[in-house]
Amino acid sequence: MKKDLGIFGLLVALCLITASQNHNFFSATNLTNLSNVIGLFGIFGIGSGLVIIAGGIDLSIGSMIALVGVLLPMALRDWHWSWPLAVAFVLAVPMFLGWCHGWLVTRLNIQPFIVTLCGLLIYRGMARTITNDTTEGFGDSQAQGFGTLDRLADGKLFGLPMPFVILIIISIVMWFVLHRSVYGRYLLAVGRNENATRFSGINTRQVISSTYIVAGLLTGISGILFAFWTRSISPANHGTFWETYGIAAAVLGGCSLRGGEGSIIGIVIGTAVLQVLQNLVNLLGIRSPRNYVVMGVVVLAGAIFDEVLRRHSAKKLARAQK
Amino acid sequence: MRGICKQFPGVVALDGVSLEIGAGEVVALVGENGAGKSTLMKILGGVYQPDGGEILIDGKPISIHNVNDAMRLGIAFIHQELNVLTNLDVAANVFLGREPVFTPFRLINRRKIHADAAPFLKRLGLDVPTHTRLDRLSIAQQQLVEIAKALSLNARLIIMDEPTSSLTLSETNRLLDLVCELRDQGVSIIYISHRLGELDRCADRVVVLRDGKNAGRLSHEEASHDKMISLMVGREIKSFYVESDAPKTPGFLRVRNICSPMYPNETVSFDASKGEILGFAGLVGAGRSEMAKTMVGLDGPTGAEVWLGGEKLSIRSPHDSISHGIYLVPEDRRGEGLVVGMSIRENITLPSLPRFTRMGLIQRSRERKTADDQISSLKVKTPGAETMVVNLSGGNQQKVVLGKWLAMQPRVMILDEPTRGIDVGAKAEIYRLMRELAAQGAVILMISSDMEEVLHVSDRVAVMHEGKITGVLERPDCSEENIMQLAVGRTVAAAKPPFAP
């Protein structure tokens with residue numbers, strides 16, 4: 001809770017700094033754009049965060065988004081599937097891949113880092129292979145009968161971009177799941193101490209596997225939204241490095257890579273911080289090559305600050321106890 | 001050490017404690033957890049600075065600012081958790097940080113390091129090549145490597161903190177012999193242990209601390225267990241064993257053919273009565289913990305058969321055993337028993353969490369109530385149910401482990417080393433709880449390597465040796481000698497078979 005407030009303070013500060021540098025920050029266009037990308041990145045960020053909370057990591061998200069991004073137009077445009085079927089398909093694929101990750105991690109005891117790193121390579125390769133490395137697009141959605149999907153993914157509700165609306169809905173659902181449900185408590189327990197959780201009669205393998213499946217689902221949803229946002233999906237570049245945004249958002253938002261710690265609100269605000277930062281960098285006219293440096297430095301600073309805070313409170317606690 | 005004082009914010013850890021030790025003397029330092037033993041030793045070892053008092057060596061006052069100072073003065077500290085690098089060999093561990101090198105590139109002189117290490121191993125009777133990696137040695141052997149390191153530093157005083165807590169009985173005996181030998185060679189030893197039986201063997205004097213003060217000192221002749229315990233707690237504690245008059249139902253729990261991965265060629269079968277405490281004695285490594293883990297399904301489905309109250313159970317996972325009311329309090333409290341980074345409330349409700357939900361959501365107020373009930377009935381010392389378990393003392397942590405199972409009405413409770421590292425007062429409370437639970441009609445299986453505990457608490461004792469039960473002793477036949485005979489695999493006339501066929 002305290003951590004959430006801290007990161008929220010950082011977000012507010014960043015917004016004010018950006019606004020003071022460029023009065024366009026609070027313009028409707030900028031805010032709409034900003035909320036749109038926060039939605040896009042936040043949805044898979046929550047998935048990434050859940051995996052981290054259960055003590056794992058998912059590096060394959062960016063490649064999964066690319067795979068979803070090329071499969072969706074193919075299903076809609078080339079195979080002429082109805083859009084609900086196509087959506088079900090492109091959600092099932094990453095969920096299945098997530099299930100595979102979970103199986104490899106919990107049954108064969110392969111480290112999540114290795115499993116999902118291989119996923120990162122394999123799915124990128126698959127996306128490029130099935131498209132022959134050509135850029136995919138949707139064409140006229142209305143004419144081809146998936147205008148509804150287009151509006152659901154890229155439209156607006158009460159003036160808010162759909163990805164942002166979907167993020168809000170998913171956050172609320174996942175907040176109850178993580179912070180109020182039995183499953184969520186098991187996730188936190190498994191992340192802290194898998195052994196003790198297993199000794200308490202909980203099927204820890206199932207709990208851990210499930211996080212990769214949920215991450216797959218959320219990545220799939222993000223993937224659909226991204227595809228309709230960019231509208232041209234180049235299999236070689238679409239989604240590269242995006243998994244790092246998920247991880248960075250989760251860490252900024254208070255998830256510990258040691259597992260067992262984190263909150264949904266933190267992850268969402270963490271995503272927002274990253275996107276406002278990106279916005280700041282753009283508005284200040286810092287050229288994009290330096291972009292990554294700024295982001296890296298900020299996340300690192302956040303991690304250092306968190307560690308300093310942790311030591312401080314540990315000391316305070318020790319003092320209070322003695 | 002004279003009049004040592006040490007304050008931590010809010011608490012006086014040491015209040016004018018004095019301790020003296022002669023050359024070639026073994027002093028045992030005993031006291032409840034929190035009595036100040038560790039703090040005192042950490043001051044001697046240079047980890048903490050004293051607020052008052054003085055330390056003298058050979059009559060000269062000295063100051064110890066850090067661990068290096070202590071080493072230079074010939075003080076070596078062997079911690080309970082070993083500080084060895086298991087990926088390096090014996091010689092590298094003995095001379096870590098002081099490797100003989102070739103200049104100018106500081107390449108290690110491999111021949112010299114092994115040649116130098118060998119005499120120390122020989123002196124300790126550790127018969128392994130100096131190029132053995134430590135992960136191929138037993139815990140006892142690794143400990144000897146640490147002692148070798150201390151000797152190589154010309155230690156005149158060795159502090160041993162609970163050195164036998166993870167050793168087998170024969171290893172313990174060997175260590176105690178070694179302590180005597182080192183003493184005869186002129187090394188002084190301060191020996192901290194909760195196992196009072198060990199102190200009879202080697203201690204020239206016993207120094208008892210209580211609440212950060214000297215509570216008394218006893219010579220070897222005066223140091224009886226009752227006396228030590230009464231000084232530690234400040235009151236007389238009579239034997240813990242109370243004959244219970246609770247009705248017993250023999251054969252209530254029947255266990256057949258447990259085969260643990262540790263001893264794939266042996267099986268364990270036994271009967272236990274409703275209302276009894278069945279002790280499991282044996283040497284460390286006899287396969288008792290492994291048997292318990294297999295029994296509750298932690299190794300997955302096996303060929304073991306368990307009947308409880310006449311009903312045959314199918315146990316394929318811990319979930320199954322828990323749903324039948326069979327609970328395990330594991331040996332490794334912090335690693336297996338608790339999620340220490342979570343609160344008392346969250347730990348207590350973890351195995352029974354679905355019971356606290358309504359429409360899929362956890363109701364914290366109900367959780368809180370259950371946690372508060374357990375805290376008060378177990379007398380857990382804590383500010384409240386939201387306290388992180390990591391901040392509790394060992395005894396209180398163990399009570400939380402018990403609490404999470406007691407909240408679910410146990411029918412069979414398996415306790416593996418239930419009082420390891422716990423102070424005398426909390427021990428007595430845990431014994432009382434076990435007895436109460438048995439009286440309420442549960443079956444208690446208690447695995448313990450503490451002979452005193454086995455003798456004090458059990459109604460019957462099953463003794464294991466290398467993966468099988470070598471005999472079961474009824475209460476009148478429970479003697480240290482009988483248990484030891486069975487534990488080393490011999491037969492005892494009084495011993496009964498573990499079950500009636």
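Q: Which residues of H1(A) are buried?
A: In this predicted model, helix H1 of chain A runs over residues 2–21. A residue is called buried if 20 or more other C-beta atoms lie within 10 Å of its own. In H1(A), the buried residues are Lys3(A), Ile7(A), Leu10(A), Leu11(A) and Thr18(A).

Q: Why do the buried residues of H1(A) lie on the same side of the helix?
A: The residues in question are Lys3(A), Ile7(A), Leu10(A), Leu11(A) and Thr18(A). They sit on the same side of H1(A) because the arc they cover around the axis is only 100 degrees.

Q: Which exposed residues does the face of H1(A) turned away from its buried side carry?
A: The buried side holds residues such as Ile7(A) and Leu10(A), and its cover includes helix H12 (242–252) and helix H13 (264–283) of chain A. The face turned away from that side carries the exposed residues Lys2(A), Leu5(A), Gly9(A), Ala13(A), Leu16(A) and Ser20(A).

Q: How many Å does H1 of chain A reach from its first C-alpha to its last?
A: Helix H1 of chain A has 20 residues, and at 1.5 Å a residue the expected span is 28 Å. The model comes close to that, with a reach of 29 Å.

Q: What is the radius of gyration of chain A?
A: Let's step back to the whole chain. A compact globule with 322 residues would have a radius of gyration near 20 Å. Chain A agrees with this, and buried residues make up 51% of the chain. Its radius of gyration is 20 Å.

Q: Is Arg231(A) buried, partly exposed or exposed?
A: Arg231(A) belongs to the loop between helix H11 (204–230) and strand E4 (232–233) of chain A. Although this residue is not a glycine, its phi is positive, near 65 degrees. Arg231(A) has 15 others within 10 Å, so it is partly exposed.

Q: In which sense do strand E4 and strand E5 of chain B pair?
A: E4(B) covers residues 52–57 and E5(B) covers residues 60–62. The two form a hairpin with 2 residues between them, and Leu56(B) stands opposite Pro61(B). Over 3 bridges, the strands pair in the sense called antiparallel.

Q: Is Asp58(B) buried or exposed?
A: Asp58(B) lies in the loop between E4 and E5 of chain B, and has a positive phi of about 50 degrees although it is not a glycine. Because Asp58(B) has 7 C-beta neighbours inside 10 Å, it counts as exposed.

Note on methods:
Residues are numbered from 1 along each chain as its sequence is written. Chains are lettered from A and ligands numbered from 1 in the order in which they are written. This is a predicted model: local features need pLDDT of at least 70, side-chain atom pairs count only at pLDDT 80 or more; totals for chains, interfaces and linings use all residues. The radius of gyration is taken over C-alpha atoms; the globule rule is 2.2 Å times the number of residues to the power 0.38. A residue is buried if 20 or more other C-beta atoms lie within 10 Å of its own, exposed if 12 or fewer, and partly exposed in between; C-beta atoms are placed from the backbone. Helices (H or I, at least four residues) and strands (E, at least two) are DSSP runs, numbered from the N terminus. The expected span of a helix is 1.5 Å times one less than its number of residues. The arc is that of the directions from the helix axis to the C-beta atoms. Two residues are in contact if their C-beta atoms, placed from the backbone, lie within 7 Å. Two strands pair if DSSP finds at least two bridges between them.
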